[in-house]
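Trainee: Please pick one part of this model and go through it closely. I care about the charged side chains and what surrounds them. Keep it brisk, but join the pieces up.

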Amino acid sequence: MIVKVKKLTETARIPTRGSRDAAGYDLYADLKEREVIPPHETRMISTGLSMEIPKGYFGAIFARSGLASKESLRPANCVGVVDSDYRGPFLIALHNDSDTQKCVEPGTRIAQMVVIPCPEISFLETDELDTTERGEGGFGSTGLTS
């Protein structure tokens, strides 16, 4: 699959994979200087890129596990959705979950993007749904396993 990437600045970095089989592609902070994120606040961090996600797919923006677990920094919306028809700059709303200020340096890997299929669907209104073993059981209804 080809995803066209447009650098909006000279310092922007093309997404990379941490390993050959990694699902996510790391997105980098394109900053002129360090960005300070106060405790429990969110800052918009630019990647300096815009992309052309192929039709029938979307870009899912996830936290980088190390940044989230070690630095308490994650996308504010938990999972971002970049539609295939969006052509604007990729911005990451990075949230600081900690009680101390955190700094994001230029070039820091701030999130990861996974390109996921997104089929076109139609909704069919009905009065009846197929029955399943679970039925209408909601949160926690399937129980815990030992």
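Mentor: Start with a definition. A residue counts as buried under 20% relative accessible area, as exposed over 50%, and as partly exposed in between. Keep in mind that this is a predicted model.

Now apply the cut-offs. Glu35 has a relative accessible area of 23%, so Glu35 is partly exposed. Its salt-bridge partner is Arg43, with the closest N and O atoms 3.8 Å apart. A salt bridge is counted within 4 Å, so the Arg43 and Glu35 pair qualifies. Arg43 is partly exposed because its relative accessibility is 26%.

Arg43 has another partner. The side chains of Glu41 and Arg43 meet in a salt bridge, at 3.1 Å from N to O. Glu41 has a relative accessible area of 34%, which means that Glu41 is partly exposed as well.

Look next at the backbone in this region. His40 sits in the loop between strand 3 and strand 4 (42-46). Its phi is near 60 degrees, a positive value in a residue other than glycine. Most residues other than glycine have a negative phi. His40 is partly exposed, at 46% relative accessibility.

Cys78 gives a second case. Its phi is positive, about 65 degrees, although Cys78 is not a glycine. Cys78 lies in the loop between strand 7 (73-75) and strand 8. With a relative accessible area of 47%, Cys78 is partly exposed.

Back to the charges. The structure holds eight salt bridges. One of them joins the side chains of Arg34 and Glu105, at 2.6 Å from N to O. Arg34 belongs to the loop between strand 2 and strand 3, and Glu105 to the loop between strand 10 (102-104) and strand 11 (109-117), so this pair ties together parts that are 71 residues apart in sequence. Glu105 is partly exposed, at 33% relative accessible area. Elsewhere, salt bridges link Asp26, Arg64 and Arg109 in a network.

Asp30 is in the loop between strand 2 (25-28) and strand 3 (35-37). Asp30 is buried, yet has no salt bridge. Asp30 has a polar partner, though. A polar contact of 2.6 Å joins the side chains of Asp30 and Thr9. Leaving out residues up to four places away in sequence, Asp30 touches Thr9, Thr11, Ala12, Ser46, Thr47 and Gly48.

Last, the open space. The largest pocket has a volume of about 220 Å³. It is lined by 14 residues, and the closest to its centre are Ile61, Val81, Val82, Phe90 and Leu91. Strand 8 (80-82) and strand 9 (91-96) each supply at least two residues of that lining.

Arg34 pairs with Glu105.

Methods
Residues numbered from 1 in each chain as written. Predicted model: local features only at pLDDT ≥ 70, side-chain atom pairs only at ≥ 80, totals over all residues. Heavy atoms only, no water. Helix = DSSP H or I, 4+ residues; strand = E, 2+ residues; numbered from the N terminus. Buried < 20%, exposed > 50% of the residue type's maximum accessible area, 1.4 Å probe, protein only. Lys, Arg positive; Asp, Glu negative; His and termini not counted. Polar contact = N/O pair within 3.5 Å; in protein donor to acceptor, adjacent residues only side chain to side chain. Contact = heavy atoms within 4.5 Å. 1 Å grid on protein atoms, 1.4 Å probe; cavity = no way out; pocket = protein on both sides within 12 Å on 5 of 7 lines; lining within 4 Å. Points joined across faces, edges and corners; volume = space filled by probe spheres on them.
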